[in-house]
Amino acid sequence: MGSEAVDEDGPFLELADSVPVMLWRINSTFDCDWANKAWFEFTGGTLPQQTGFAWLDLVHPDDSDRVVEAFGRAFEAREKVSVEFRIRRVDGRYRWVLDSGSPYFRDGLFAGFIGSCVDITERKEAEQRTEALAAEMVRLSRAEALSSLATAIVHDLAQPLQAIGAYAEGVAEILANRGPSSEEAIAGVNEIREAAARAAGIVRNCRSLAAGRKSERVRADVAAVLRGAEPWIRSHPDAAGVSIDWNLASGLEAELSPLEIEQLLINLASNALEAMRGMPGAELRIAAARWGGLAIVSVADTGRGVPPDMRKIIFRSLVTTKPKGMGIGLYVCHAIATAHGGRIWVEAGAEGGAVFKFTLPLTP
């Protein structure tokens, strides 16, 4: 085992061969001149077979350049070195090892390096599994984000597209049954164009929300922005026969995305209208008031209400109280409210039903 090269270390050899760790030594000319019993049991060779640079033949081809560079640099600088690489075991399989070495000196003169190798294969494989799992989770998160985006687009485009169809049908009826009435036809076409522009805006906003980007903000009057949603709320199929009351305070200005805030209100109002479907004396109350440095907007209905156990989770993705609901509308509302620096929650109505509220920071 090369004991001739280390006769002066005779008392050390027996101890070194008893250590269950691979030990090695290279001399001042970078030649391997000794290794312990554990090293040769692992590699299956002998010192004459691995002397000099021959031991590098055991290193995995993909790692050899990195190992030579790291040890060569440490050797020249006379400094400690630690490298992880794969080495071929006696059974032909490659195992990961952590190889650490330190310079040693005799009579003040540099004599070479001495070091140890520890098998870390299980640790490396665990790290690789963790990395693979993390990569898979990122992939699934992206897939989930795309799925949520697609669902959000489908959900929020339903109302404006429904309006487009209704207006188009109205224009067709005017032209077919009442004769050419350019004034009414033009008005109908303009409504169609507005609905189409709104649909395009929703797509852009959904993409921004999914990407975590901030939509374009403008300083605007909160009451005016909320009123902008009125035609869309009135056009909802369940709005017929419902008493809709607006109580919007003036002087509330905020930096916001008008289209997003309109869409937030439309989603809340649509849910309220659906909750009151078929109920007599249905009332929808939309209000906005100052609350310190915030505008607080509330949407109250006289519907079936939200069960207490659902109030804390109702804004999560895919959570719904409706039999055929997709569980995305309130999730989008939450995303819009928080993206504007506000919050959103639901309370039980004083006389039944539900009251959804959200806040917007006011501009000083």
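In the predicted model described here, Ile296 stands opposite Thr359 of strand 12. Strands are DSSP runs of E with at least two residues, helices are DSSP runs of H or I with at least four, and both are numbered from the N terminus. Residues are numbered from 1 along each chain as its sequence is written. The model being predicted, local features need pLDDT of at least 70 and side-chain atom pairs count only at pLDDT 80 or more, while totals for chains, interfaces and linings use all residues; side-chain values use heavy atoms, without hydrogens and water.

Strand 10 (residues 294-301) and strand 12 (residues 354-361) pair in the antiparallel sense over 7 bridges, where pairing requires at least two DSSP bridges between two strands. Strand 10 also pairs with strand 9 (residues 283-291), again in the antiparallel sense, over 8 bridges. In this pairing, Ile286 has Val299 of strand 10 as its bridge partner. A hairpin is formed by strands 9 and 10 with 2 residues between them, and Gly292 in the turn has a positive phi of about 65°.

Helix 4 (residues 61-77) includes Asp63, Ser64, Val67, Ala70, Phe71, Ala74 and Phe75 as its buried residues. These buried residues fall within an arc of 145° seen down the axis of helix 4, so they line one face of the helix; the arc is taken from the directions from the helix axis to the C-beta atoms. The face turned away from the buried side carries the exposed residues Asp65, Glu69 and Glu76. Just after helix 4, Arg78 takes a positive phi of about 55°.

Key:
Expected span 1.5 Å × (residues − 1). Buried < 20%, exposed > 50% of the residue type's maximum accessible area, 1.4 Å probe, protein only.
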